Amino acid sequence: MRRYALGVLFVLGVLILCGTGASAAKETLNVIYMAQAGYQPDDIRDMADLFEFLTDTKVNITFVKYDEQHEKIVASAVAPVATYDVILLDLIWTAEFASRKMVVPLDDRITADIRKDIAPAIMDAFVYDGKTWAMPFLANFQLFFYNMDMIRKAGFSAPPRTLEEMVDQMKAMKAKGIVKYPWTDSWNQKEGLVCEFVWLTGAFGGDTFDDRGRPTFNQGPGVQALEFMVGLLKDGLANPKCLTNDEDAAKDDFISGNAAFTTNWTFQYALMNDPKVSKVVGQGEMGLIPVSKSQIGKAETASVSGFQGAAIMANSRKKDLAWQYLRFITSPLVQRSYLQEMPVWTSVQTSAYATMMDRTMPIKSKQIAAVHHRPKVPPYPEVSSILQRYIHTALQMKMEPKAALDKAAEEINAVLKK
Amino acid sequence: MASYGRELDDHRLARRLLAPSAILIMLVVIAPLIFAFILSLHQAEPMVGGIEMKPVGFSNYSYFLTQSGLFWPSVRVTIYFTVVSLLIELVLGIGMALVLDADFPGRSFMRAIILIPWALPTVVNARMWEWIFSGSKYGALNGLMKVLRIFPSSHDAVWLGFDAPLAGVPVIGGFLKWLGVTKALNMIIIADTWKVTPLVVLLVLAGLQTIPGSLYEAATVDGAGFFRKLTLITLPLLKPVLLVILVLRTMELFRVFDIIYIIMQYSIRVVGVLTYEVGMKFLHFGRGAALSFLIALFILGLAAIYVRLFYSDAER
């Protein structure tokens, strides 16, 4: 009995000592971030280290794959106290997290000066129900990548300005045996497919959803976009592998010299020019995504946004500290130090320093101004899943594009009505 | 009297020793099961700090059985995956076990290395086959085809494609399309079978050890050949083992999730993938729970059929 009592006392003593130690330690902030596209884990850790040094705070960062974030954030939100104080909020989750009140609005913290220096196209991505739910952090969007050597070999002197010109160039390449499938893309049944469809619909002069979040993709430009995608496959211009490609696989196709054209997120640029992994160094170039010739004069280019913001969980106990951290990592000072990603601040994008350090900045600035957003609707994952399924079915040529999009719109309307 | 008292003490001791296990099982198995069933009777959605629940009776169940356009196609494709995988695993497993049961030099070594695929974690197995089937020129299978000169150097096959096999063949093509069979699904069956067949081999091998050699000797004297020995001695005496394999593998195959999700994400919606999508991606916890119980019912039904078939046969 005595031995038992001594054991209990020992455990209690250790617990008390640990508790005292903990209370004397720095405050801890828990953050979740993706180890995938965008700022890389080492960069994020560097930013956190500096914040720790400046504020005497300990920052724990959990790195996960993009696809795992949503589930982990929801689990954190359902818990009485948040597992993560700061999360990365993809613009497609804005409506969902806001309507479930999982994150806090930041309107009283984001000042007029901040708003003035961030383009409305970026800021609006995180506005839902009249409130701003995240501070813009990562300005990701798609750009056009082309192989200039293949274009020259096909008998052309410049990259295409329109989708129709691009098709002509691809047909010439195929006829001359320069490349078997000139187009590659990420058309597997994932979110990436919706992104491709969004910019293509934009390139034909439309949007996939209206301002009130109702589907419009089954009319004019949306149908033209899907018909264009199916046409590329039917004519043997797009690699059939596209249907199983994600963005990474599409990038591999391009940088291994197996494609002349593709669109992808900003991350492809650095890899395309890295001789360790790329076979198209000096041949691959980045430019503006072409639009349909019917749009020339109305729009020079079109793209899709993949913006990510930093948000504070509603059940976090350290909201003020979380804001300090969030404000720090999204600050112009930090973003100008990591120019491999597009800064969200207009003043940084247009600064002499940024233009000098990154010669593609003018292209990026033009492209980002032409982004189209995916819809801000609370059941977005379900809406996107339906759209992915029917677009993919049409790409497999099991349904006609118009019929597939009509069916998708019908099912999406049913989900939105609930 | 004294022994009766000691018996009582023994019972009390047994109860006390078992109590912690019973409480643990209640907490980690029974209670979550009850909670999941309650969840399946609600429209349950996550909100900050908890789950918002609204009772809806059995409508989550009826939604899948009568309204959802995804449930029955996913059942069909799961049944195809389960049946074809099981058949391949059984034929290969029994065949390999018969070979490993024979006496030949290096038998112990072969028995040991055959377990390597089974020892691999499913995630590793899935990623490995994803690279083997990769449609780019970096795909190992495409590389092999080129080395063997089956494919020209410029050709890369899309192994995980969505074309239906035998699509042009009347009746069969239409039936396979209705089942939701694709080239990718068949490729994943190969990948899954590669990993799990060693387990079947191991179990069948254990069963083979229990069959007395005298039966085969007597059959040989009677002039029975390999096929008659197999059908009249080996397979009937393997029935208990085969029942275990069938029940175990049917359960695992019917609720398959990991290998299909890792390689194809949501492109092949077996019921496991659909459940994850509904529950964890769309955040309809109630519907996800209902779907889990429907899968459990399917598996229970299949297990009951197996048991009835095998045991009633044994009783005759």
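**Reading cavities, pockets and helix packing**

Modeller: In this predicted model, the largest cavity is lined by Val31(A), Ile32(A), Tyr33(A), Ile44(A), Val86(A), Ile87(A), Leu88(A), Ala310(A), Tyr325(A) and Ile329(A).

Biologist: How is empty space of that kind found?

Modeller: Rolling a probe the size of a water molecule over the atoms shows where empty space is left. Here, a search of the whole structure turns up one cavity of 30 Å³ or more. The space in the largest cavity comes to about 50 Å³.

Biologist: Which strands and helices each supply at least two residues of its lining?

Modeller: Strand E1 (27–34), strand E3 (86–90) and helix H13 (319–329), which belong to chain A. Sorted by class, the lining of the largest cavity holds ten nonpolar residues, with no polar and no charged ones.

Biologist: H13(A) is a helix. How do I read its packing against another helix?

Modeller: Two packed helices are described by the angle between their axes and the distance between the axes. For H13(A) and helix H2 (residues 41–55) of chain A, the angle is about 125 degrees and the axes lie 10 Å apart. H2(A) is therefore oblique to H13(A). Their crossing is right-handed.

Biologist: Which residues of H2(A) and H13(A) meet?

Modeller: H2(A) brings Met47(A), Ala48(A), Leu50(A), Phe51(A), Leu54(A) and Thr55(A), while H13(A) brings Leu321(A), Gln324(A), Tyr325(A), Phe328(A) and Ile329(A). This contact has nine nonpolar, two polar and no charged residues.

Biologist: What about chain B: at what angle do H10(B) and H11(B) pack?

Modeller: Helix H10 (residues 213–221) of chain B and helix H11 (residues 226–237) of chain B pack at about 165 degrees, their axes 11 Å apart. Over 145 degrees counts as roughly antiparallel, so H10(B) and H11(B) are roughly antiparallel to each other. The crossing of H10(B) and H11(B) is right-handed. Leu215(B), Tyr216(B), Ala219(B) and Thr220(B) of H10(B) make the contact with Lys229(B), Ile233(B), Thr234(B) and Leu237(B) of H11(B). By class, that contact has five nonpolar, two polar and one charged residues.

Biologist: How much space lies in the second largest pocket?

Modeller: About 1,200 Å³. Its lining has 45 residues, and the closest to the pocket centre are Arg389(A), Gly69(B), Leu70(B), Pro73(B) and Arg269(B). H18(A) gives the largest share of the lining, seven residues. The lining of this pocket divides into 20 nonpolar, 13 polar and twelve charged residues.

Technical notes:
Residues numbered from 1 in each chain as written. Chains lettered and ligands numbered in written order. Predicted model: local features only at pLDDT ≥ 70, side-chain atom pairs only at ≥ 80, totals over all residues. Heavy atoms only, no water. 1 Å grid on protein atoms, 1.4 Å probe; cavity = no way out; pocket = protein on both sides within 12 Å on 5 of 7 lines; lining within 4 Å. Points joined across faces, edges and corners; volume = space filled by probe spheres on them. Helix = DSSP H or I, 4+ residues; strand = E, 2+ residues; numbered from the N terminus. Nonpolar A, V, L, I, M, F, W, Y, C, P; charged D, E, K, R; others polar. Axes fitted to C-alpha atoms, helices over the stretch in contact; angles between N-to-C directions. Parallel < 35°, antiparallel > 145°, perpendicular 65-115°, else oblique. Left-handed = near helix turned anticlockwise from the far one by under 90°. Contact = heavy atoms within 4.5 Å.
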